[in-house]
Amino acid sequence: MKKTEANKLAEAMRGQIVEDEVPGGWYTAVEIAEATGYSQSHTLRRLITGVKAGEWEMRKFRRRTTRGSYPTPHYKPTA
């Protein structure tokens, strides 16, 4: 494949980056940390423990970043 063909293919793929629509009530660990005032690492540890205990639900939604589209964990309280 010639370099120009590869560049055209890459451009076409960038236009196909998909981002999921996140339903209301679902938040990333970063968003929860900012809202509660705790550090991101403390918040993430508490969320993982809460998911195992059934207090939080975790689902991954695709989020667009500067490096592409990645599945990002989102959390929602079960109660």
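Reader: Which helices each supply at least two residues of the lining of the largest pocket?

Author: They are α2 (29-36) and α3 (40-53). The model is predicted, so local features require pLDDT of at least 70 and side-chain atom pairs pLDDT 80 or more, while totals for chains, interfaces and linings use all residues. Residues are numbered from 1 along each chain as its sequence is written, and side-chain values use heavy atoms, without hydrogens and water.

Reader: How is such a pocket to be read, and which residues line it?

Author: Rolling a probe the size of a water molecule over the atoms shows where empty space is left. A pocket is an open set of points on a 1 Å grid over the protein atoms alone, where a 1.4 Å probe fits, with protein on both sides within 12 Å along at least five of seven lines; lining residues have an atom within 4 Å of a point. Here the lining consists of I32, T36, Y38, H42, T43, R46, L47, T49, G50, E55 and W56. Helix α3 contributes the most, with six residues.

Reader: In what order do the elements of the protein chain run?

Author: Helices (DSSP H or I, at least four residues) and strands (E, at least two) are numbered from the N terminus. The chain has three helices and two strands, in the order α-α-α-β-β.

Reader: Is H74 buried or exposed?

Author: Buried means under 20% relative accessible area, exposed over 50% (1.4 Å probe, protein chains only). H74, in strand β2 (residues 68-77), is buried, because its relative accessible area is 0%. Of the 79 residues of the protein chain, 16% count as buried.
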